Amino acid sequence: MIISKRIKIGRAKVGSEQLLEYIQKYFNDTLEGEVLRFAIIGASGATLVVDVSIKVDDTSQKTKKDGRKRSHG
């Protein structure tokens with residue numbers, strides 16, 4: 001399943017040269033799943049507003065065409 005969300009990241013005192021690495025480290029440390037894409041959509045002071053799409057494992061049960069449920073293990 002792919003989830004899109006908007007998050008705020010405190011920039012701290014990171015310069016523009018290290019910003020990409022800083023954002024990727026933030027994703028690795030705080031988000032579960034694989035980041036497919038992200039875009040910085042704004043900034044307010046030392047905070048970046050980032051739109052991110054994340055691929056996460058869907059652990060819920062899915063329904064087959066005949067209506068019976070199947071479980072994923």
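**Exercise 1. Describe the setting of Ser-53: in which element is it found, and is it buried or exposed?**

Solution. Ser-53 is found in strand β3, where strands (E, at least two residues) and helices (H or I, at least four residues) are DSSP runs numbered from the N terminus. The model is a predicted one, in which local features need pLDDT of at least 70 and side-chain atom pairs count only at pLDDT 80 or more, while totals for chains, interfaces and linings use all residues. Residues are numbered from 1 along each chain as its sequence is written, and side-chain values use heavy atoms, with hydrogens and water left out.

The next step is to look at accessibility, for which buried means under 20% relative accessible area, exposed over 50%, and partly exposed in between (1.4 Å probe, protein chains only). Because its relative accessible area is 8%, Ser-53 counts as buried.

The last step is to list the neighbours. Leaving aside residues up to four places away in sequence, Ser-53 touches Ile-2, Ile-3, Ser-4, Glu-34, Val-35, Leu-36 and Arg-37, a contact being heavy atoms within 4.5 Å. The side chains of Ser-53 and Ser-4 are also joined by a polar contact of 3.1 Å; this term stands for a pair of N or O atoms within 3.5 Å, and within protein one must be able to donate a hydrogen and the other to accept it, with residues adjacent in sequence counting only if both atoms are side-chain atoms.

**Exercise 2. Work out in which order the three strands form the open sheet, and which are the edge strands.**

Solution. Begin with the pairs, remembering that two strands pair if DSSP finds at least two bridges between them. Strands β1 and β3 run antiparallel and are joined by nine bridges, and Ser-4 stands opposite Ser-53 in β3. Strand β2 (residues 34-44) also pairs with β3 in the antiparallel sense, over nine bridges, with Phe-38 opposite Val-52 in β3.

Putting the pairs together gives an open sheet of three strands in the order β1-β3-β2, with antiparallel pairing. The edge strands are β1 and β2, since each pairs on one side only. On average, neighbouring strands of this sheet are turned by 20° against each other, direction ignored. Helix α1 packs on the sheet and touches β1, β2 and β3, and its direction makes about 120° with that of β1; axes here are lines fitted to C-alpha atoms, for helices over the stretch in contact, and angles run from 0 to 180 degrees between N-to-C directions.

**Exercise 3. Find how many salt bridges the whole structure holds, and describe each pair.**

Solution. A salt bridge is a side-chain nitrogen of Lys or Arg within 4 Å of a carboxyl oxygen of Asp or Glu, and a search of the whole structure finds two.

One of them joins the side chains of Asp-29 and Lys-25, at 2.7 Å from N to O. These residues are separated by about one helical turn because they are four residues apart in helix α1, and both are exposed.

Arg-37 forms a salt bridge with Asp-51, where the closest N and O atoms are 2.7 Å apart. This pair links distant parts of the chain, as Arg-37 lies in strand β2 and Asp-51 in strand β3, 14 residues apart. Arg-37 is partly exposed, with a relative accessible area of 37%, whereas Asp-51 is buried at 17%.
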